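The following exercises treat a single protein chain, each with a worked solution. Please inspect the sequence and the coordinates before reading on.

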Amino acid sequence: MSSRRSSEVKAEALRLGFFACGIAKAVPVDKDVATRFRQWIRNGSHADMQYMANHTDARLDPRLLMEGVKSIVCVAMNYTPAHRLSDNGYELSAYVYGKDYHDVMKVRLHTLAARLGFTRYRAFCDTAPVLERYWAVKAGLGWTGKHHQLIIPGAGSMFFLGELFTDEVFDYDSPVAGRCGRCTRCIEACPTGVLGTTFNCVKCLSYQTIENRNELSPEAARHMGNTIYGCDRCLQACPWLRTASPTTIPEFAPTEKLLSMTKERWHHLTEEDYRYLFKGSAVKRAKYTGLMRNIQAVRENNQDCDIDTTPDSPNIPSQHE
């Protein structure tokens with residue numbers, strides 16, 4: 001019966017638009033993983049993201065997040081874009097092209113639980129102290145690449161991960177073997193050299209341009225290129241991305257107003273325009289001041305970019321139009 005039920009879970013997940021689904025037994029994480037994570041925190045490699053150091057016991061033992069949990073249903077949803085934004089001006093990390101993934105994923109996770117008749121469950125999508133990539137590996141979705149991201153065979157790493165904790169028992173999936181081999185393209189593509197070593201968030205461009213509330217580090221400012229939010233270079237360098245199909249999730253497609261943004265419009269973005277442009281978007285994580293800090297850094301690095309000294313609104317339509 002559990003085998004049939006496991007197949008039912010996966011089939012329903014695929015019908016809801018999830019790219020992959022697997023199921024892991026809810027037990028404490030492996031001791032070596034727990035030891036490495038605690039040491040990573042002690043070393044301060046999480047920078048000033050204090051939430052990473054909170055609730056460590058629950059992060060390392062899912063049974064502390066939900067009483068009676070027996071299984072973790074892991075899902076992945078593809079956000080690989082059909083086209084990137086660089087031709088229209090500055091670039092953003094692809095995961096924020098569309099609607100906030102937290103909202104999109106949570107709605108579908110709850111829908112999945114309802115269709116399966118789960119009576120006791122919890123749904124997570126980067127919203128709780130859960131080692132998401134660890135459980136995705138345990139559930140057989142893929143392996144952790146040298147860029148520290150989950151790689152799904154034949155599809156790359158541009159995926160959002162989510163979990164359903166449930167008290168049901170299933171047939172559990174097994175991890176798949178890593179297939180990075182000798183490839184080091186992600187490491188070579190990293191502009192700050194943070195990959196290939198113990199990962200220190202301070203050196204990562206994604207941390208610097210999104211989570212960091214202070215000034216950008218000089219190293220980060222030098223290596224931003226044309227990207228004003230996040231960094232996808234290690235993901236784009238991975239050979240597995242070449243076989244990825246663009247997302248079919250409509251919520252993850254960029255809006256017309258985002259596609260219409262030029263460098264000049266970015267330069268004169270007001271806070272009101274920012275709120276309108278990114279309503280319902282994960283870009284809110286960086287806040288207006290953080291985004292404008294990033295834009296200024298990119299402008300200083302690209303002195304040959306188009307200069308527009310007219311301090312006008314970027315002509316984004318009014319919310320009332």
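Contact means heavy atoms within 4.5 Å. The model is predicted: local features need pLDDT of at least 70, side-chain atom pairs count only at pLDDT 80 or more, and totals for chains, interfaces and linings use all residues. Residues are numbered from 1 along each chain as its sequence is written, and side-chain values use heavy atoms, with hydrogens and water left out.

**Exercise 1.** State whether Pro129 is buried or exposed, and locate its surroundings.

*Solution.* Step one: buried means under 20% relative accessible area, exposed over 50%, and partly exposed in between (1.4 Å probe, protein chains only). Pro129 has 14% relative accessibility and therefore counts as buried; in the chain, buried residues make up 50% of the 321 residues. Step two: Pro129 lies in the loop between β4 and α5 (132–138), where helices (H or I, at least four residues) and strands (E, at least two) are DSSP runs, numbered from the N terminus. Step three: leaving aside residues up to four places away in sequence, Pro129 touches His55, Ala58, Arg59 and Leu65. The C-alpha atoms of Pro129 and Thr56 are 7.5 Å apart, although 73 residues separate them along the chain.

**Exercise 2.** Classify the ring pair of Phe118 and Phe170.

*Solution.* Step one: rings of Phe, Tyr and Trp (its six-membered ring) pair if their centres lie within 6.5 Å; planes under 30 degrees apart count as stacked, over 60 as edge-to-face and the rest as tilted. The structure holds 14 aromatic pairs. Step two: the centres of Phe118 and Phe170 are 6.3 Å apart and the planes stand at 55 degrees, so this pair is tilted. Step three: Phe118 sits in the loop between α4 (101–116) and β4 (121–124), and Phe170, 52 residues apart from it, in the loop between β7 (159–166) and α6 (185–189). Both Phe118 and Phe170 are buried.
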